[in-house]
Amino acid sequence: MTPIQETILNKKTTNTPIWLMRQAGRYLPEFREIRKNNPDFIKLCLNETLSSEVTLQPLKRFELDAAIIFSDILMLPYGLNQKVEFKKDFGPQLGDLNIEDLVKINETEFLKKLDPVYKSIKKVSEQNLINNKSLIGFVGAPWTLLVYMINKHSPKKELEKKFFENKNLIKKILLILDKFLKIHIEQQIKNGANVIQIFDSWAGLLDENDLPNYIYNPTLSLVDYVKSLSVPVICFPRGIKNYKNYCDVVNPDVVNIDYDVDPISISKLINIPVQGGLDPKVLLTDISNLKKQALKYLDIFKDHPYIFNLGHGVLPQTNPEMVDYLVKMVKDY
Ligand code: CP3
């Protein structure tokens, strides 16, 4: 069993394991070097030689307990034939959504488009570097993907009213997402992913009374599916106001918390394993502050099954030496 599996399945509370969201990415010079010669982000994700290499880059530097496959949650709409581009200093830009085309997509076509992602996972799983470490596959939660597919770029603080105008369209998209997210999860697991994380980056945009329709029910369907394949599932409903309710209804194996929630109340209220929390901006400060802030999380969760991680992804401006310090510190705790 890997340290992460022991924390999740055996509820072990000693030797806190650590991995970081966006541990492979722009803060690493060796990633920027590859990125420089590969301006098309989607193509990079679909190059199994390079994407597997990028996945392993942080493991060569730091004693992390997991690799997360280098891909993106927006590979799913790409697989469904919606145009997806990543623009420098802007982020993702999606093309128009055509529901008639979307309902026509079949599984074979979808799998053919995303095949390099699965090949990349397979490649990573065969490396010695991954011995005794977890290999994390992931998907975007249906709600967050719906936001991107309709809004076509990252939303600002709130969604426009017209987002919810066509309820029928939303229903159709959610059904299609449920089907293809399960296919995507199954393929990642078949090719070597042994933990699945579901990213709901825009969970915080919804009011409490919209949660059952857009978050609880669609996510529960995926969580139950991952569990049926005997693989643990981590959910990250970023920005949600009531993590306790979320855990009671969705019941993931692990919940990742964001940096706005109070970790003390989480440790008291939530009785499933917890992951994450530390504000990634702390990695932009100095060693003594990093030590203080990281110790806070380690101390609060010392008697709780806990996987060290951040409250969101590593920022591009981060100095890799700060990451090195953090990983060593968690290992020495
Ligand atoms: O190391 C890892 O975490 C694995 C790879 C990974 C990426 N994206 C690579 C990536 C993962 C797990 C994701 C998830 C993802 N993608 C989420 C959920 C987590 C979150 O950040 O909230 C979301 C919302 C996306 C969509 C997305 N992809 C956005 C909004 C952006 C632009 C903003 C940014 O951070 O640049 C991306 C691009 C992206 N995905 C990059 C990487 C390494 C940067 C691309 C580059 O090199 O320019």
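Author: Start with a definition. Buried means under 20% relative accessible area, exposed means over 50%, and partly exposed lies in between (1.4 Å probe, protein chains only). This is a predicted model, where local features need pLDDT of at least 70, side-chain atom pairs count only at pLDDT 80 or more, and totals for chains, interfaces and linings use all residues. Residues are numbered from 1 along each chain as its sequence is written, and side-chain values use heavy atoms, with hydrogens and water left out.

Reader: What makes two rings an aromatic pair?

Author: Rings of Phe, Tyr and Trp (its six-membered ring) pair if their centres lie within 6.5 Å. Planes under 30 degrees apart count as stacked, over 60 as edge-to-face, and the rest as tilted. This rule gives 13 aromatic pairs here. One of them joins F41 and F86, edge-to-face, at 4.5 Å centre to centre with 65 degrees between the planes.

Reader: Which parts does the pair of F41 and F86 tie together?

Author: Helices (H or I, at least four residues) and strands (E, at least two) are DSSP runs, numbered from the N terminus. F41 lies in helix α3 (residues 41-45) and F86 in strand β2 (residues 84-87), so the pair links parts 45 residues apart in sequence. F41 is buried, at 12% relative accessible area. F86 is partly exposed, at 24%.

Reader: How many degrees lie between the planes of Y306 and F308?

Author: 80 degrees, so the pair is edge-to-face, with 5.9 Å centre to centre. Y306 and F308 are both buried.
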